[in-house]
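Morning, everyone. Please bring up the model on your screens, and we'll walk through a few local features.

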Amino acid sequence: MSRVRVVSVLVMITVVIAGLPMVVGAADGPGQDNSGPVVSDGPAITDRYPFPVQEVSITRPSSVSLPSGTAMTKTTGTLLSDGFEGSFPGANWAVSVNSGYTDAKWGKSTYRKSAGSASIWCAAAGSASSAAGGNVPDDMLTWAITGPYDLSSSTSGTLDFDLWLETEFDYDYFYWLYSTDGTNFNGFITSTSNGSFETVSQDLTDWGSAGNSLGHPQVWFAFLYASDESNTFEGAYVDEVSLTTDGGGGGSECGTYVLTSDNENNSYSGSADGDWGYCLYNDDAKHPIEFRFDINETNVSSAQLLILAHDVDQLTNLDKPEQDKVYMNDTYLGDLTGANDEDSTTLFTVPPSSLLIGRNWVKILVNQHPSVTDPRKWCVKINQAQLIINGGCTGQASCRSVSTNKSIYDPGETVAVTYEVDTEAASQQVRVESNLVNPSSQIVAGVDNVYTTYGSSNDPKTVNLSLPTGAVGGTYTAEVLIFDNASGQLEANCEETFTVTGGGGSCSLSCSASVPATGQVGVPITFSGSATATGCNDQPEYFWYPDTSTTAMAPGRIVQMTYDQEGTYSWELVVLVDNERCVRNGTITITGGGGGCNLTCNATVPTTVGVGTTVTYRATSSANGCSESPSYFWWTDTSTTATSFEQNPTVTYASPGTYNWELVVVADNERCVRNGTLTVTGGTCNLSCNATVPTTALVGDPVSYRATASASGCGESPSYFWWTDTRTTATVMEQNVTVGYDQPGTYNWKMVAVAGNERCERTGAITIGSTGGAGTTVVWIPVASRADGAFNSTWRTDISIFNPTSITATVAITIYTTSGPVIRVITISPFGQFIQTDVVGWLIPGASLSGAIRIVATQAVVVTTRTYNQFAAGVVCFPLGTLGQALGPLTTTAAIQTGQFGWIPNLTQTIGFRSNIGFTNTSTVVTVVRIDLYNANGTKIGSYTKTLQPGQWWQSNEPFRVEAGNNNIIGGSAKVTVTSGKGVIVYGSVVDNITNDPTTVTMVR
């Protein structure tokens, strides 16, 4: 295959025009899409971009897909901001390969990035994808497309992205393009190597001879990468993509955000869980329905939320109606309403104070009416949502008129609604939703109509909508909502009122609620309702929602509620009778008092500082009626672990950016949270790193983990974090560490270096083999002793190791002391047994100490042990006799890990008996345990903590007397919790003070 350079295309432009387009970087072989680029024959552009570029046009083949739906469309402002920290491609992007080319395509990569922890790389995905940092495959042509975006009302804007590029010059190429029809793309092409990320800022009004991408209702943007048949390089990385436009309204902060597919999950982690597009019940695993809007307006004076839902049966069964509650940032906005088996749009007024700059979450709780107990009674399907800020930015469509064929109707009659839509464009496809809305703001009938309107031509449309036969009398509204069908944006609405006479029976209902505005924690609050029902068959039923719960607390006209925490609570009263419903709601503020622990807190944090400036985070709190003082936990960046446990910590930021912070104050069982953001300006931090780790080792071998990092402009030296096994928390925070593995297997490892706001990561795996194959034995003796104890006791430990196999066993016996580990290696013949009295004295002659022992054998040996009190030779009673206990051996499966706990029961501390608790850290990390002491009545009488080094044994002697000051405990217990670290074996001993005879107490969980 011969190479074809772009310069060759320039001189053969007449051939291209004749219908033989060239495919840059790939051959036009069998089965390949012959839809390569056409490169302009003009000179390279060198003054607008960080590197030379040329103009290019290319046709999207049928094998390359467009995004199925846009995660968010906004008429002006920041339409797209993607640092690829979440899932990719997600809802914003579509990734494809031209048919017949190598299956390597754009995907998420953590190997190179300009910010955050990830970017997208042209060869990270597909069956022929390359390893991170490697060269891309031959014969690639891969697309990453985002859109469409509505730029019809935009007058200026930019597409910005950071690009790292390494190509074979004039053989491999990177493109950035736009299209207004999704097929024909125009833009620029480059072939270069820059060695670092550089920012490309593309003026949306100036794509060279391709013109202006603004002023169009649908615009797609694409990144492409192409390689030829040989000599490939690392290719292209793209990061920090943003699409920003401005309207012609003088800079007013208007915005319409349109959402056509799901983009969130129940934990709000940024990934869609797919709860849109089908009828979802409240017992569905994905319930509640949730999604988000990312807004950037800083001065919000008004906001509206529109939700397009299908089949909201609010009026189908008036005794058991469908009630779907809608919340914005946990503020209750109201209920969905709609016509049976129709698409209907509910419009909510959103309090501006409830909106946040950045992410705003919407939650829909399905089928919440108190009279409906069947979770499968009602479901709802969400099709679209949009958030309109400050009235929204002007659209092209408008409503010229709307009218009804009569002004007065009877229930069950058909209302003919006639409307006319005009557009500022020559033509526009619109979706018009027509609804009949009753006096209670409920949609009782509705229909959709999608059609093309042309300018201001006369083209009225009429739809016929039937009133329910049981429609109540009163003033109704014929409502017309006009949406741009391409973007889904609401562009206009108009309405006409009419009267429905009679109908609905003679039942009328009014109600009121009496709830105090304030109350105190622990003091019962009386909720009192009243209602007047005229001409009704039944008596009113009362349902109270006294807090933010979704279920009525209890039916009844008068109920009492006792709040156990301070705060402002929303309440609601629903009164039902016959087919009538009356609702009243409000708020009540609960303050401290009334018994129990009442905790309040506040945080003072600046909003903006410069790089290198020391920031003081200040916390205040009030804990009334609490048994303990408040504890403070600060998260001063985006990490998931608290960064400080001080009340007023100081932090110096070395890199610019916006940092989320959170304060959590805890006292007793109460928790108070405050959060916000801090913007750090100026400064540039560059961080690189590497890790050196062997790929194989044996059980018990010391494994060296070595890290290096270089940080410039970061304001601090790098910090190192190692994950040396499969756990999710860093096992050690040192630059160079040594780790020993006590079980064979393959362990994933990760090293993260951090400096300033930068993070560098390296990963790999190490395979640990056993010297004895599948029969290897690894056990721990929690403690072995050669020491004097209380009441003239003398403690010794014997061990026995039996080899039941036909192969000689090599056994390593290690004792862990404060001076370091001591190891002896022995061999045991087939079917032989090794017995060692006073094993500590054998390991360390003349020693007087206690410590944990680890036994590693190449065969499946059987280990037994006994710790006992050795009587002296000259005593009158039992000369040279022993009294002892069975203690071990135990495997690491008996250990407790971070967040787990166990109980040591049946402990006694009196003049006749003493109780001790022993701990052994079988892991390779520093571990902290907390011990809580309880008496026989279950009352906690003491608490303390202990830090255990790797392999350390420690005994807490007489903790009830020493730690709790109590020497009269019968039936006590100790709860042991691992607060950090892992692998702790725990046991208890109850010792007779006369004979010094110990009894082992096994931990229970």
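Threonine 927 first: its side chain reaches the backbone oxygen of valine 925 at 3.3 Å. A polar atom of that side chain also lies 3.2 Å from the backbone nitrogen of lysine 982. Keep in mind that this is a predicted model. Threonine 927 sits in strand β64, residues 927-934. Is threonine 927 buried or exposed? Its relative accessibility is 0%, so threonine 927 counts as buried. Beyond four places in sequence, threonine 927 touches several residues, including Lys946, Leu948, Val978 and Val984.

Next, a sheet. Seven strands form an open sheet, in the order β1-β2-β11-β10-β13-β8-β5, with antiparallel pairing. β1 (38-39) and β5 (93-97) stand at the edges with a single partner strand each, so one side of each has no neighbour in the sheet. Inside that order, β10 (173-179) and β11 (184-190) pair over five bridges. Leucine 177 has glycine 187 in β11 as its bridge partner.

Now the rings. The count comes to 42 aromatic pairs. Take tyrosine 268 and tryptophan 361: centres 5.3 Å apart, planes at 65°, so the pair is edge-to-face. They are 93 residues apart, with tyrosine 268 in the loop between β15 and β16 and tryptophan 361 in strand β21. Tyrosine 268 is partly exposed at 29%. Tryptophan 361 is partly exposed too, at 27%.

Compare tryptophan 634 and tryptophan 661. Centres 6.0 Å apart, planes at 50°, so this pair is tilted. Both tryptophan 634 and tryptophan 661 are buried.

Last, charges over rings. Arginine 431 lies over the face of phenylalanine 483, 4.2 Å from the ring centre. Lysine 750 lies over the face of tryptophan 723, at 4.6 Å.

Note on methods
Residues numbered from 1 in each chain as written. Predicted model: local features only at pLDDT ≥ 70, side-chain atom pairs only at ≥ 80, totals over all residues. Heavy atoms only, no water. Helix = DSSP H or I, 4+ residues; strand = E, 2+ residues; numbered from the N terminus. Buried < 20%, exposed > 50% of the residue type's maximum accessible area, 1.4 Å probe, protein only. Polar contact = N/O pair within 3.5 Å; in protein donor to acceptor, adjacent residues only side chain to side chain. Contact = heavy atoms within 4.5 Å. Pairing = 2+ DSSP bridges. Phe/Tyr/Trp six-rings, centres within 6.5 Å; stacked < 30°, edge-to-face > 60°. Lys NZ or Arg CZ within 6 Å of the ring centre and 35° of its normal.
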